[in-house]
Amino acid sequence: MLGVESTAHSFGVSVVSDSPPYILSDSRRVYTPREGGILPREVAAFFSRVAGEVVREALESAGVRIGDVDAIAVALGPGMGPQLRVGATVARALASYYSKPLVPVNHAVAHVEIARFLTGLRDPIVLYVAGGNTAVVSYSEGRYRVFGETLDMPLGNLLDTFAREVGIAPPYVVGGMHAVDRCAEGGDFIEGLPYIVKGQDSSFSGLLTAALRMVRSGVRLADVCYTLREIAYSSVVEVLERGLAHTGRREVLLTGGVAASKILNDKIEAMARLHGAVYKPIPARYAGDNGVMIAVTGMAAYKWGYTIEVSRAFIRQRWRIDQVDVPWYYEFP
Ligand code: FE2
């Protein structure tokens, strides 16, 4: 299975097989803006430039020709339109030119499936935290169900926007530390920032506004970073903990770009231990967006007969995780 990922800032292509060593290749190019946030059109233009070489590299390093591939999987959403269109166009072209079945993959489902695949945890409660999504999900009656989610901005977006606004970019997780984690070193907890959990849902936009106001009024940056980080991470761990208690699951997973944060991992591990649940972190390389997760999920879906006509393979920018049937759940990984 060849998988294509292009929902946000990474263009990834991977070839996987259904027997060891499973992951045959994992090629990617990540768009990094010189300053400011990511402009979808600029990223899409970058994806268009690199798409050909990434596909070629993924095939070559897997040691296969396109003819050897059984099917093409593509992330059709959720994500940003211009970027999604590049990946969809590449996948549709490969599928139609080489007469390969095309398999639609939901990017959020794929984040969960790659975590289950890499850890071997079969029936977990999952915290999915990234730049574009924040949700606690677990499987029930055929689908992943959302136990709690953000009411406004995703947690990754909170951290990235704060980092950019106060000038501690690049706001990515490097070596297990987000720029905000690094800035928080030596900081102390201070009063005055809002901790918001409504029902099972988180909210971060008020926290961002209040934190930026504090920095501008001269409060020590390390203290604001530390407090912001503690509040943001604790609120999602609280929802995860309640989800764990409510569902009675025995396993906990963390996935998505922010899953590369060592500190968030530590908090979740401590919470899981308290409940006697098993927690296994995923390698940082697979926390963020990658083609492998699309190919692995596409392989499972394809075995269950999921394909889509090339002419009907439209992107779905707001395709929710709970809109996708996952019949392979108990037979995967
Ligand atoms: Fe993602």
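## Buried and exposed residues

A residue counts as buried when its relative accessible area is under 20%, as exposed when it is over 50%, and as partly exposed in between, using a 1.4 Å probe and protein chains only. Histidine 111, with a relative accessible area of 0%, is buried.

## About the model

This is a predicted model, in which local features need pLDDT of at least 70, side-chain atom pairs count only at pLDDT 80 or more, and totals for chains, interfaces and linings use all residues. Residues are numbered from 1 along each chain as its sequence is written, and side-chain values use heavy atoms, with hydrogens and water left out.

## The chain as a whole

The protein chain holds nine helices and 12 strands. Here helices (H or I, at least four residues) and strands (E, at least two) are DSSP runs, numbered from the N terminus. The chain has a radius of gyration of 20 Å, close to the 20 Å that the globule rule gives for 333 residues, so it is as compact as a globular protein of that length. That radius is taken over C-alpha atoms, and the globule rule is 2.2 Å times the number of residues to the power 0.38.

Along its principal axes, the C-alpha trace spans about 60 × 45 × 30 Å. Of the 333 residues in the protein chain, 55% are buried. Contact means heavy atoms within 4.5 Å. Among contacts between residues at least 6 apart in sequence, 77% join residues at least 24 apart.

## The iron site

Which protein residues hold the iron ion as donors? They are His107 (NE2), His111 (NE2) and Asp289 (OD), lying 2.1 to 2.2 Å from the ion. Donors are N, O and S atoms within 2.8 Å of the metal (3.2 Å for Na, K and Ca); water is not among the atoms, so sites may look incomplete. Along the chain, the donors of the iron ion follow the spacing H-x3-H-x177-D.

Histidine 111 sits in helix H3 (residues 107-119), while aspartate 289 is in the loop between strand S12 (278-279) and helix H9 (291-303), so the pair ties together parts that are 178 residues apart in sequence. Aspartate 289 counts as buried, at 11% relative accessibility.

## Two helices side by side

Two packed helices are described by the angle between their axes and the distance between the axes. Helix H7 (residues 221-247) and helix H8 (residues 262-274) pack at an angle of about 30°, and their axes are 10 Å apart. Axes are lines fitted to C-alpha atoms, for helices over the stretch in contact, and angles run from 0 to 180 degrees between N-to-C directions. H7 and H8 make a right-handed crossing; a crossing is right-handed if the near helix is turned clockwise from the far one by less than a right angle, and left-handed if anticlockwise.

Residues of H7 that meet H8 include Tyr233, Val237, Leu240 and Leu244, and on the H8 side Ile263, Leu264, Ile268 and Met271 are among them. By class, this contact has 10 nonpolar, one polar and four charged residues. Ala, Val, Leu, Ile, Met, Phe, Trp, Tyr, Cys and Pro count as nonpolar, Asp, Glu, Lys and Arg as charged, and the others, Gly among them, as polar.

Serine 235 is also in helix H7. Is this serine buried or exposed? Serine 235 is buried, with a relative accessible area of 1%. Leaving aside neighbours within four places in sequence, serine 235 is in contact with Tyr195, Ile196, Val197, Ser202 and Phe204.

## After helix H9

The segment after H9 includes glycine 305, which is exposed at 56% relative accessibility. Tyrosine 330 lies in the segment after H9 too, and it is exposed, with a relative accessible area of 54%. Not counting residues up to four places away in sequence, tyrosine 330 touches Arg122 and Tyr139.

## Backbone details to look for

Most residues other than glycine have a negative phi, and most peptide bonds are trans. The bond from glycine 77 to proline 78 is cis, with omega near -5°, and proline 78 is in the loop between strand S4 (72-77) and helix H2 (81-97). Another cis peptide bond joins phenylalanine 332 and proline 333, with omega about 0°.

Serine 99 has a positive phi, near 50°; this serine is in the loop between H2 and strand S5 (102-106) and is exposed, with a relative accessible area of 66%. Glutamate 141 has a positive phi of about 50°. This glutamate lies in the loop between strand S7 (134-140) and strand S8 (143-149) and is exposed at 72% relative accessible area.
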